[in-house]
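Take a look at the chain below.

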Amino acid sequence: MNLPAYTVTRKPVKYTRIRVLPPDGRVAVTAPRHVSERDIARFVLEKRAWIVKHQERMASAPSLPEAEPVPEELRPVLYAKIGPLVEYWADRMGLVPPTYSVRRMRSRWGTCNTQRRHITLALELARRDDELLEYVIVHELTHLYERGHGPAFKAIMTRYLPEWPGLRARLNGR
Ligand SMILES: [Zn+2]
């Protein structure tokens, strides 16, 4: 059995504790000063199944990958791309174009405030392909028709952007 990779931090704590950290499932161990490296390794090995389970769960969550922050210079570049795409897709989907903004977001690619008719897109999209940006825009526009992600939502997505499942998988790195 392989021992998962982990880092150890010594702290004045009573018990050894293991955490699996998002977004990539890094394993962090906090241990009292008197516990030996060997005991820590044994403890990690004992918890291996639990660690792997959490790492797998994290891998399937649609979160942004942790990477170098997107440079501010890309913000106007992204804005310039969003405008025409929102116009185009709102028109195709029979919607009044919503307002939009770009923000640094930690866990999502976009959000839609249906009451304010405002969509917010992650600055991190500046680093992804244009068609993935387009997918997120169509997704958020679809929320102006459907709040949740149920069958009705999917039907609208499929009608306008039939290749959406593949795009979503690419966006989330799968
Ligand atoms: Zn959504």
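Which residues are the protein donors of the zinc ion? They are His139, His143 and His149, each through NE2, and they lie 2.0 Å from the zinc ion. Donors here are N, O and S atoms within 2.8 Å of the metal (3.2 Å for Na, K and Ca); water is not among the atoms, so sites may look incomplete.

Before going on, note that this is a predicted model, in which local features need pLDDT of at least 70 and side-chain atom pairs count only at pLDDT 80 or more, while totals for chains, interfaces and linings use all residues. Residues are numbered from 1 along each chain as its sequence is written, and side-chain values use heavy atoms, with hydrogens and water left out.

Back to the zinc ion. Its donors follow the spacing H-x3-H-x5-H along the chain. His139 sits in helix α4, residues 130-142. Helices (H or I, at least four residues) and strands (E, at least two) are DSSP runs, numbered from the N terminus. His149 is partly exposed at 46%. The cut-offs are these: buried means under 20% relative accessible area, exposed over 50%, and partly exposed in between (1.4 Å probe, protein chains only).

What does His139 touch beyond its neighbours within four places in sequence? It is in contact with His149, Phe153 and Met157. Contact means heavy atoms within 4.5 Å. Met157 is 18 residues from His139 in sequence, yet their C-alpha atoms are 6.9 Å apart.

Now compare a residue elsewhere. Arg104 lies in the loop between β4 and β5 (110-113). Its C-alpha is 18 Å from that of His139, and the two are 35 residues apart in sequence. Arg104 is partly exposed, with a relative accessible area of 38%. Not counting residues up to four places away in sequence, Arg104 touches Pro69, Val70, Pro71, Glu72, Arg75, Leu123 and Glu124.

Thr120 belongs to strand β6, residues 118-122. Thr120 is buried, at 9% relative accessible area. With neighbours within four places set aside, its contacts are Ser101, Arg103, Met105, Trp109, Gly110 and Thr111.

Next, the aromatic rings. A pair of aromatic rings is described by the distance of the centres and the angle of the planes. Rings of Phe, Tyr and Trp (its six-membered ring) pair if their centres lie within 6.5 Å; planes under 30 degrees apart count as stacked, over 60 as edge-to-face and the rest as tilted. By this rule there are 2 aromatic pairs. Tyr79 and Tyr100 make a tilted pair, 6.2 Å centre to centre with 40° between the planes. Tyr79 lies in helix α3 (residues 74-92) and Tyr100 in strand β4 (residues 99-103), so the pair ties together parts 21 residues apart in sequence. Tyr79 is partly exposed at 31%, and Tyr100 is partly exposed at 28%. The pair of Tyr88 and Trp89 is edge-to-face, 5.2 Å centre to centre with 90° between the planes. Tyr88 is partly exposed at 43%, whereas Trp89 is buried at 4%.

Turn to the start of the chain. There, 3 strands form an open sheet in the order β1-β3-β2, with mixed pairing. The edge strands are β1 (7-10) and β2 (17-21), and each pairs on one side only. Neighbouring strands are turned by 25° against each other on average, direction ignored. Two strands pair if DSSP finds at least two bridges between them. β1 runs parallel to β3 (residues 26-31), joined by 4 bridges. Thr9 stands opposite Thr30 in β3. Helix α1 (residues 37-46) packs on this sheet and touches β1, β2 and β3; its direction makes about 125° with that of β1. Axes are lines fitted to C-alpha atoms, for helices over the stretch in contact, and angles run from 0 to 180 degrees between N-to-C directions.

Val20 has Val27 in β3 as its bridge partner. The hairpin of β2 and β3 has 4 residues between the strands, and Gly25 takes a positive phi near 80° there.

Finally, the domains. The domain assignment gives domain 1 (7-60) and domain 2 (74-171); such bounds come from an automatic or database domain assignment. The centres of domain 1 and domain 2, taken over C-alpha atoms, are 38 Å apart.
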